[in-house]
Amino acid sequence: MAKKIIGQLKLQVKAGQANPSPPVGPALGQRGLNIMAFVKEFNAKTADLEPGTPTPVIITYYQDKSFSLETKVAPASYLLKKAAGLPPVGKRNRPKGSVKPGRETAGTITLAQLRQIAETKMKDLNAIDVEGAMQIILGSAKSCGIEVKG
């Protein structure tokens, strides 16, 4: 017999650095889920990623207080800013884009880097092929103030 799903929870946690402090602890604790089991499983799943990479995770929790988790690829804006070589500044030590996107350029990436990011994000995007995924990532680049050079 299949377990009855109670709900889903979406969090963004740094790869390999999950701990019981906020936002993980309170989000799982109020649903009665085992926080330390999540921390151990998440850190094990993201051990191969670069430490500190923001990783979206979808937690499906069941009636018997068990859960399953699905990790996603890092956000496109993070990958773009990293490819552009922007220094980590601002809140949560993440690279910061342009203050005035469209008028000021924070950095530049090549078309090859754009394709690589699109291929990396392909499984999380609603695109049929890599060219469609590149258009989605290009829109994210423009909104971050990152210019794509031919």
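Predicted model: local features only at pLDDT ≥ 70, side-chain atom pairs only at ≥ 80, totals over all residues.
Close-up 1. The loop in question is the one between β2 and β3. Have a look at the backbone here too: phi of Lys65 is near 70°, which is a positive value in a residue other than glycine.

**Close-up 2. The strands on either side of that loop, β2 and β3.** How many bridges link β2 and β3? The pair is held in the antiparallel sense over five bridges, with β2 covering residues 54-62. For a handy landmark, find Val57: this residue stands opposite Thr71 in β3.

**Close-up 3. The three-stranded open sheet.** Zooming out a bit, β2 and β3 are joined by β1, and the order across the sheet is β1-β2-β3, with antiparallel pairing. Which strands stand at the edges? Those are β1 (5-14) and β3 (67-71); each has a single partner strand, so one side of each has no neighbour in the sheet. On average, neighbouring strands here are turned by 20° against each other, ignoring direction. As a reminder, strands of a sheet pair through backbone hydrogen bonds, in either a parallel or an antiparallel fashion.

**Close-up 4. Helix α2 packed on the sheet.** Which strands does α2 touch? This helix, residues 35-45, makes contact with β1, β2 and β3. If you care about the geometry, the direction of α2 makes about 30° with that of β3.

**Close-up 5. A cis peptide bond between two prolines.** Here the spot to check is the bond from Pro22 to Pro23, which is cis with omega near 5°. Where does Pro23 sit? Its place is in the loop between β1 and α1, the helix spanning 24-29.

**Close-up 6. Stepping back to the whole chain.** Five helices and five strands make up the secondary structure, and reading along the sequence gives you β-α-α-β-β-α-β-α-α-β. The chain has 150 residues, and 37% of them count as buried. What about contacts that reach across the sequence? Taking contacts between residues at least 6 apart in sequence, 60% join residues at least 24 apart. As for the surface, the chain exposes about 8,900 Å², with 52% of that supplied by carbon and sulfur atoms.

Key: Residues numbered from 1 in each chain as written. Heavy atoms only, no water. Pairing = 2+ DSSP bridges. Helix = DSSP H or I, 4+ residues; strand = E, 2+ residues; numbered from the N terminus. Axes fitted to C-alpha atoms, helices over the stretch in contact; angles between N-to-C directions. Contact = heavy atoms within 4.5 Å. Buried < 20%, exposed > 50% of the residue type's maximum accessible area, 1.4 Å probe, protein only. Areas by Shrake-Rupley, 256 points an atom, 1.4 Å probe, with all protein chains shown as cover.
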